[in-house]
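Thank you all for coming. I would like to walk through one structure this morning, so please have the viewer open and follow along as I go.

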Amino acid sequence: MGKTMSTRKVELVIEAPTTLPTQNLHRSMKILGTLLITLSAVSPASSVFIIIPGIVQTAGSGAFLSMILAAVIGVCMSLVYAELASAFPLTGGEYAIVGRLVGPLAGFIVLGVNTLSSILIPAVFALGLSSYLTVLFPHLEAVPTAVVSVILATLISTLNIRSNAVITGTFLVIEVLALVLLVVFGLVHVNRPITDLIFHPIMLGTNGLVRTPVGLIGMGVTIAIFAYNGYGSAVYFGEEMHDATKKIGHAILMALGITVLCELAPLTAVLLGAPDLKSLFGSSNMFGDFIASRAGSTMNTFISLGIALAIFNAMIACILAAARMVFSTARDNVWPLGIDDLLVQTHPRFHSPHIATLLCGAFAVGACFVNETVLFVITGTGLVAIYAAICYAVMLGRKQRTTDHGHYRMPLFPLAPITAILMLFYVIYANWQDPVIGRPSLLTTLGVIIASAVYYLFVLRRKGAWVLRGPED
């Protein structure tokens, strides 16, 4: 195995002389800290109140089945992430793993897709923050609120990773409490059996409630995949975690399990407890209206503030992950004109990639001035390309035995990656049917893939500058 891995490294890595002042991140977190930050990046409450209503509007009570099917895909992808992260717990995340297993071109394409979406996602969160703060501040404007929140989240993200684990963990407790209350309000008075959600899903049609077509349940799955996404972000903190090779796979699997529970339980409770599904499906703020009807406007205000806090928490976690990926790119000689020397530095006290963090925050602030629809188009389907790449990478790693040193091995291999790839084809098909966001998003992702390939082939490869490194280097 050692000989195989050594030979593979020579094939994949373009060595080049360098004088970069590479600094390693500080291993200070246990599995709990990694889990808290990862769950904050997923932000279950944000998914429940922002993404899941879109699934309900698409599939009605069939949203329950959509979330169940998406959870199956989530299990497949979490197994893939767990095996790869156990073998390569690198802060570069997906691009560092794909680059080592598939090759530098594929790795750089994943880097291009992931960098764009990772830097812009905090702005997407931030632009939705003001709508939940208006319960106390009715005249807040979206863009100024987004800018201020991104700046605050960025400054917090420059702190020590353990401090960020405590901060995000505290916010996460409040977020989960809001979801628990929603479950209680739904189950305190159940109006229909759960078998109705399974065998008789209905939705709002032109003339009232109608049976949900199977196709629309499938469309709901494509949205639900994104609602669960984020459990794999644990890999970005692998270089700051004790015993990462042994524990990071378990952190990913636990993150997926908790995410499914925190998102599926509130949806199920509301669908079972809503007195009138027609009114629920037709509401522009279905969960907020449901809470107000069950517990009054004061409780709705409290929940709204909890969601605002969840969104802010997600911004912190996303900036933390994006900054570590950018730090890794500097360590790998991606940037020209000496920018690598700057971005690879870590704070002498906090041991955080503070300059990379500030850069990610600056780009996110700029993105706050971009139309939300444009942001959705840019970030929408990049995840599909990344999922497909790591599914192929895990199968190639097993075949060539380059992941044999990992401590976690998924069961029933290759069922998980093959199932996920098949479902990704359906996601692509479903997005292509949407001419407003889905189709432009797919074309944008294709454009980023082509641009990344061109930059690697005609810039990085020619000058021999890109070197895949890890903390041991």
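This is a predicted model: local features need pLDDT of at least 70, side-chain atom pairs count only at pLDDT 80 or more; totals for chains, interfaces and linings use all residues.

Let me start with a question: is Arg-401 buried or exposed? Residues are numbered from 1 along each chain as its sequence is written, and side-chain values use heavy atoms, with hydrogens and water left out.

Now the answer: Arg-401 is exposed, because its relative accessible area is 53%, where exposed means over 50%, buried under 20%, and partly exposed in between, with a 1.4 Å probe and protein chains only. Arg-401 follows helix α19 and has a positive phi, near 65 degrees. The helix itself, residues 382-400, has 19 residues and reaches 27 Å from its first C-alpha to its last, close to the 27 Å expected at 1.5 Å a residue; that expected span is 1.5 Å times one less than the number of residues. Helices here are DSSP runs of H or I with at least four residues, strands are runs of E with at least two, and both are numbered from the N terminus.

Staying with Arg-401, its side chain meets that of Asp-404 in a salt bridge, at 2.5 Å from N to O, the criterion being a side-chain nitrogen of Lys or Arg within 4 Å of a carboxyl oxygen of Asp or Glu. Both residues belong to a salt-bridge network that links Glu-83, Arg-398, Arg-401, Asp-404 and Arg-409.

By this rule the count comes to seven salt bridges. One of them joins the side chains of Glu-240 and Arg-324, again at 2.5 Å from N to O, and this pair links distant parts of the chain, since Glu-240 is in the loop between α11 (214-228) and α12 (244-273) whereas Arg-324 is in helix α15 (residues 297-331), 84 residues apart. Both Glu-240 and Arg-324 are buried. By contrast, the salt bridge between Lys-247 and Asp-243, at 3.9 Å from N to O, involves two partly exposed residues, with Lys-247 at 33% relative accessibility and Asp-243 at 44%.

Not counting residues up to four places away in sequence, Met-77 touches Tyr-231, Tyr-387, Ile-390, Cys-391 and Ala-420, with contact taken as heavy atoms within 4.5 Å.

What about the cysteines? A search of the whole structure finds zero disulfides, a disulfide being a pair of cysteine sulfur atoms within 2.5 Å. For Cys-360, the nearest cysteine sulfur is that of Cys-318, 11 Å away, and Cys-360 counts as buried because its relative accessibility is 3%. For Cys-368, the nearest cysteine sulfur is also that of Cys-318, at 13 Å, and Cys-368 is buried at 1%.

Finally, the strands: β1 (residues 202-205) and β2 (residues 208-211) pair in the antiparallel sense over four bridges, where pairing requires that DSSP finds at least two bridges. A hairpin joins β1 to β2 through two residues, and Leu-204 stands opposite Leu-209 in β2.
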